[in-house]
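Please examine the sequence and the model shown below before reading the numbered points. Each point treats one topic.

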Amino acid sequence: MNLKFSKTVFFACLSTVIIAYGQEIKGSGNVANIDLSHWAVTTPAENPAKPGKTLDLEYPEILNFASNITTNKYMYEDVKDKSLVFYAFPSGTSTANSHFSRCELRETINIGDKNTNWTFAQGGRMKATYAIDKVSREEDGKYSRVIVAQIHGRLSEEQRKLIGQKDNNAAPILKIYWDKGKIRVKTKVLKNPDATLEELLPADAWIDDKGRNFKEKVNFDKFTIEIKVADGKLEVTLNDSETFVYDNPSIKKWGVFENYFKAGNYFQSKNPNSFAAVKIYALEASH
């Protein structure tokens with residue numbers, strides 16, 4: 001066989017294999033063209049097999065969310081503007097350590113695996129474009145609040161055993177709110193800056209900071225949030241213009257935890273008549 005011809009055939013075959021593998025793992029068959037293969041979704045619905053627990057879709061079920069008659073009233077497509085919509089209301093069903101319902105994506109850096117997560121030393125980046133589609137007003141006339149993005153902490157098995165906790169949940173180091181048309185950022189700070197490793201692991205060792213609002217008011221328009229994480233440093237940027245940088249001692253000590261990104265609609269009201277729908281037009285995460 002001619003050597004030049006054999007090399008051509010080899011690289012053509014190699015390219016075919018790579019493309020096929022990429023198509024196999026890329027779950028972007030939705031109008032927003034978002035790869036959902038590295039995400040799971042928690043919905044406000046109750047899991048019929050586990051009363052009191054939320055109904056979640058993980059890989060590969062999440063790829064067929066549009067045809068799931070139980071959950072597609074909470075996560076669905078808007079073909080007109082090519083967005084994914086996340087709807088939530090006080091359903092009475094919530095996740096552990098929370099009193100609020102949500103329709104929210106949870107990152108899985110390894111497909112279908114919630115036990116493998118990332119640290120600040122490894123770093124991470126998430127960028128997403130949102131819009132608030134609709135939201136209720138509370139009794140005081142103000143709009144209900146919605147958390148649209150998070151970085152949630154997670155204990156390793158060794159850490160969980162060290163403090164005698166029954167699950168692996170840790171505090172969320174970052175919460176990003178849509179609050180009356182503004183984007184508000186809150187992080188956690190240690191109650192005791194001199195806490196030992198064992199003392200800083202429980203969620204109640206951390207409290208919310210005062211929070212910061214970006215100057216720009218997004219209202220019901222599209223907005224883009226970018227989160228960048230590095231060892232001892234956290235950055236949040238709105239619409240590629242204004243950036244908040246966190247590199248305080250608490251952020252530096254957060255490096256002991258594992259983490260995962262969250263995006264969608266973590267609804268912050270328990271008013272029986274309240275609701276919100278959050279649209280996501282683009283979403284990507286990398287490490």
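Leaving aside its neighbours within four places in sequence, with which residues is valine 148 in contact?

1. Basis of the note. This is a predicted model, in which local features need pLDDT of at least 70 and side-chain atom pairs count only at pLDDT 80 or more, while totals for chains, interfaces and linings use all residues. Residues are numbered from 1 along each chain as its sequence is written, and side-chain values use heavy atoms, with hydrogens and water left out.

2. Valine 148 and the core. Apart from neighbours within four places in sequence, valine 148 is in contact with Tyr130, Ile132, Ile176, Trp178, Phe223, Ile225, Lys262, Ala263, Gly264 and Val278; contact means heavy atoms within 4.5 Å. The largest nonpolar core has 67 residues, and Val148 is listed with Met75, Tyr130, Ile176, Ile225 and Ile227 as having the most contacts inside it. Such a core is a set of buried Ala, Val, Leu, Ile, Met, Phe, Trp, Tyr and Cys residues joined through side-chain atoms within 4.5 Å. Strand S8 (residues 169–179) provides the largest share of this core, six residues.

3. The sheet. Seven strands form an open sheet in the order S3-S4-S16-S6-S12-S13-S14, with antiparallel pairing. Strands (E, at least two residues) and helices (H or I, at least four) are DSSP runs, numbered from the N terminus, and two strands pair if DSSP finds at least two bridges between them. Strand S3 (75–78) and strand S14 (242–246) are the edge strands, each pairing on one side only. S3 is joined to strand S4 (residues 83–88) by four bridges, and the two run antiparallel. Methionine 75 has phenylalanine 86 as its bridge partner in S4.

4. Aromatic pairs. There are 14 aromatic pairs in the structure. Rings of Phe, Tyr and Trp (its six-membered ring) pair if their centres lie within 6.5 Å; planes under 30 degrees apart count as stacked, over 60 as edge-to-face and the rest as tilted. For tyrosine 87 and phenylalanine 89, the ring centres are 6.1 Å apart and the planes are at 35°, so this pair is tilted. Tyrosine 143 and phenylalanine 220 have ring centres 5.5 Å apart and planes at 80°, so their pair is edge-to-face. Because tyrosine 143 lies in the loop between strand S6 (124–135) and strand S7 (146–154), and phenylalanine 220 in the loop between strand S11 (212–217) and strand S12 (223–230), the pair ties together parts that are 77 residues apart in sequence. Ring pairs also link Tyr74, Tyr87, Phe89 and Phe275 into a cluster.

5. Charges over rings. Arginine 106 lies over the face of tyrosine 260, 3.6 Å from the ring centre. Arginine 212 has its charged end over the ring of phenylalanine 244, at 3.9 Å from the centre. The criterion is that NZ of Lys or CZ of Arg is within 6 Å of the ring centre and within 35 degrees of the ring normal.

6. Backbone features in loops. Tyrosine 59 and proline 60 are joined by a cis peptide bond, with omega about 5°; proline 60 is in the loop between strand S2 (54–57) and S3. Asparagine 33, a residue other than glycine, has a positive phi near 55°. Asparagine 33 is exposed, with a relative accessible area of 53% (buried means under 20%, exposed over 50%, partly exposed in between, with a 1.4 Å probe and protein chains only). Lysine 82 lies in the loop between S3 and S4 and has a positive phi of about 55°.
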